[in-house]
Amino acid sequence: MADSAFKRLTDLFKGSDESEAGKPQEAFYPTPDGKPISATSAKNLPAVDVRGLRPVTHWSHPFRAKEKSNPLLQLTHLANANAGFFPLGAGGLWHGGIHFDSGTAGVLEQTSVHCVADGEVVAYRTDKNSAKTEYLVNKVSVMKPFSRSFVLVRHRLEPPRIAGKKELPPSLIFYSLYMHLQDGSVYEEKPTVERPSFWLEKATYVVPMTAKDKSTVSPELMGLNVRHQEKKGEVLGLLPRGTAVVVSGEGDYRRLENIPGPLHLLGATGVLLGYVRMDQLEPAEGQYRAKVRLSVYAEAVTASKTLGPKLPKGTQLKISGEGELRKLEFIAQFVHFKSLQSLREPERFDEVVVLKMPESISAGDLVGHIGMYQDYAAAHPEEKLHLEIFSGDDVEAFTAKCRAWELELPSKERTWLKLAKGTVVVAHQERFGDKQPPAASDAHAISDANLLVPKVVLDGLASTHKIVVPASDGRKACNWYRLDGLLNDATNNLLTGWVKEEVGVTPWVSPWAWDGYEVITDYTSPPEFMASFLRSLKRLTDEQLQRYGPMADAGDKGPVKARLLDIVDRDGDKKITAEELRAAIRIPAHAQAMSQLVIRYESEWLYKPHEWDALDEIFGHCGSTPHLNWLAEKERIKQLSWWAEVADKVGLPKDGKVHHLHSIGLAGKFNYLKKHPEIFINGVKIELGFLDLYDGTVIEEVDYVVAAAVLGCEVEAIKAVAITETGSIGSYFAGAGDDKVAAILFERHYFHQLTGGRFDGSNPDISSPVRGGYGVHSAQYGKMVRAYRLSADDALKSASWGRFQIMGRYFSNAGYSSVEDFVRDINRSEKNHLKAFVSFIRADSILSSAIVKKDWLRFALRYNGPAQSGYDEKMRLNYNELKGI
């Protein structure tokens, strides 16, 4: 907000439409205290319980790319934004986030905004309609809208645990902010627009765009059938995709309340057409019911034409009028409830909502849609998103701990190749290849800046752009990569050519080393920023230069500007222009360097009237000569602010002093880390994309004690089940060179049932009506992968998972909303195996009672099925052994 606000203020400074606005008489601005801002400590933060907040495992860009991208391109694309760079905006003024607008839309699908990392939604605001600011433009009052709608998400960042180390990794709580989101009225006008999952479910539903019932009248029309009664109803008509509906009742089929009848009987105004014979009706529950199949006549005479097919016998309806034929007013229709999509709505419109219970959200999930914003000088509103990441924790201490922790992480975590300043870039020659690789003596240029290149970029190079040179006598092995437009020379020309990785010498670095990152504290005041900016634009008169010169000097010497001058200032005039900022961001090394700055500065979203009132003088505003546009601008700034309503409720410092991080830089830094386990299947290494990596956590004795207390049973009873299910295998296993994966048993008869047997002929070993054929435990994932490729959801449901071998198809009883979430969680941590088991037992009264009473036969019959084959006796023996009986 600050940068865009200052940009608008500059436009205001050009002059006011009020002729009575006077000139400033003397300088007045807050004096900085001159004291360094101390690092945030826990005592400065309100007490908020975040123990249940899981570390981020997945990251996402807020928008989908129109073409293939990578972390470096994602940074350079930001140069296309009209304004709002990080950490200075287009005018060289402080800006804590980044903007996406019409300038960035060329390379991004900016229709929906997605969460950048796993976390939990803690607050949001959704205005029904955007607020508006009244400005005077050419002495005419003009209302200009600005979206105040936002979503605030809390996250936890932690490096991976180290195998065999009891010490917990360092942890950082940070927040992502999505500002200027779409108005609530747009969702009402377009019910098919996707809605955030953290909104509340209401009584209104919509026919989803995936509905596949076909109209009997117009076969090209698809939607959901409506029927004449709740059970075994005949089809009356079709609700097209996107139709908003209100339903009542319970059960699988529910009554439509907002549509009076089948669409083919509705007139242009939505009124039900047609007449029916009174003698073919019988009273029923205050309405009427058709005694026979019922014709619908266009007019109140039986000689008139009929409208559409006859209504089925038993159809309920309301009528009006007198005589032989009565006017139709309402026809009861029933729709399959589970096929409808809930139309979620905010808890409240037009005010900040702080969630009492934060809502879990995953990377890539929808947070909203981009909203409209119109600056003072803009002729029209435009779509704009302000994205920001900040932390109230001590980021400098966190990164220091991470660097120490990273030294013990496995080398596979080092996924960025560091090409230091001075790297030789050999110009391409057609003769280069495996037999004749480049040499440093060939024509070359020298890079002028450090650049970290992610492994994903190097792995994605074409074979013509990679040369592997094996080690030989007296020479180390090396890899040559042809990189186009990533490195730059001393004059900021982008270079194309070959760079050399000397194996074992050229460093690979881990994201957890935070290589190149630096933390800067800046306490430059808004008036100092403003004076500096106006002077750089030569907007100050000689008298104003004398008056505001000290302010401008202070603004020029701020630590953020001083650091950025090293990167951005191409002409050496000690000023930062919008053109220089754009040019710097278009160069990968400079864009990366800017993204590695962590700036401690007061949040833009904490409104402090005195800070903005301090600018009155410079804008020529006072009581006798008001500057109306400046007053309007201050009111807009106030309305955009939300910090005071939220901070102490979600764990942010009340004083607004937080560390700001580059959102796309942070997401790109971690987004390409290994996320899924890889195992060898028939000699080929396969990535199991449906699983998360195992984090190394195990079930501890205290976990068993807590679980037993929840179930009201003995610890040994739970352990007896675990040993019976996976005693010899354990919760996880791994072959040579494999990542650890949860123990599973693939059940081919379940896959047969779930898929209707359609794969029995082609894949009888994984789909059969006959149980069995299991094979060794190491063969299970081979079966799973094959089944997953045939029918992913059904495959995951057809295996029993983890320490307690819970079937995937029963994910709901285990406490999960989808089988995908269930299996990811099971593989992530052994603690989740016990959590799922407790939920599974509590969901079934027979199991809950049997485990307390240690009725092992009853338990096994329910847990393992009628064909439990001695599981009860195994559990009894394991329990007795644990008890020493």
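**Reading a predicted model, step by step**

Of the 885 residues of the protein chain, 54% count as buried. The model is a predicted one.

Reader: Let me pick Tyr178. What is Tyr178 in contact with, leaving aside its neighbours within four places in sequence?

Author: Its partners include Val113, His114, Cys115 and Val116, as well as Ser149, Phe150, Val151 and Val153. Val367, Leu385, His386 and Leu387 are also in contact with Tyr178.

Reader: Tyr178 is in strand β9. How should I read the two sides of a strand?

Author: In a regular strand, side chains alternate between the two faces of the sheet. In β9, Leu172, Phe174, Ser176 and Tyr178 point one way, while Ile173, Tyr175, Leu177 and Met179 point the other way. All of these are buried.

Reader: Why is β9 described as largely enclosed by the rest of the structure?

Author: Count its residues: β9 covers residues 172–179, and eight of the eight are buried, so the strand is largely enclosed by the rest of the structure. As for its pairing, strand β8 (residues 150–157) joins β9 in the antiparallel sense over eight bridges.

Reader: What is the order of the strands in the open sheet of five?

Author: Follow β16-β20-β19-β18-β17, with antiparallel pairing. At the edges stand β16 (275–277) and β17 (281–284); each has a single partner strand, so one side of each is left without a neighbour in the sheet. Neighbouring strands here are turned by 55° against each other on average, direction ignored. Within the sheet, β18 (residues 287–290) and β19 (residues 316–320) run antiparallel and are joined by two bridges. Arg289 stands opposite Gln316 in β19.

Reader: And which strands are at the edges of the open sheet of three strands?

Author: That sheet has the order β30-β27-β34, and its pairing is antiparallel. The edge strands are β30 (451–454) and β34 (508–509), each pairing on one side only. Strand β27 (residues 416–419) is joined to β34 by two bridges, and Trp416 has Val509 of β34 as its bridge partner.

Reader: Last one: at what angle do helices α22 and α23 pack?

Author: Helix α22 (residues 845–853) and helix α23 (residues 856–863) pack at an angle of about 150°, with their axes 8 Å apart. The crossing is left-handed. From α22, the contact uses Ile846, Leu847, Ser849, Ala850 and Ile851; from α23, Arg858, Phe859, Arg862 and Tyr863. These contact residues divide into six nonpolar, one polar and two charged.

Notes: Residues are numbered from 1 along each chain as its sequence is written. This is a predicted model: local features need pLDDT of at least 70, side-chain atom pairs count only at pLDDT 80 or more; totals for chains, interfaces and linings use all residues. Side-chain values use heavy atoms; hydrogens and water are left out. Contact means heavy atoms within 4.5 Å. Axes are lines fitted to C-alpha atoms, for helices over the stretch in contact, and angles run from 0 to 180 degrees between N-to-C directions. Helices (H or I, at least four residues) and strands (E, at least two) are DSSP runs, numbered from the N terminus. A crossing is left-handed if the near helix is turned anticlockwise from the far one by less than a right angle, and right-handed if clockwise. Ala, Val, Leu, Ile, Met, Phe, Trp, Tyr, Cys and Pro count as nonpolar, Asp, Glu, Lys and Arg as charged, and the others, Gly among them, as polar. Two strands pair if DSSP finds at least two bridges between them. Buried means under 20% relative accessible area, exposed over 50%, partly exposed in between (1.4 Å probe, protein chains only).
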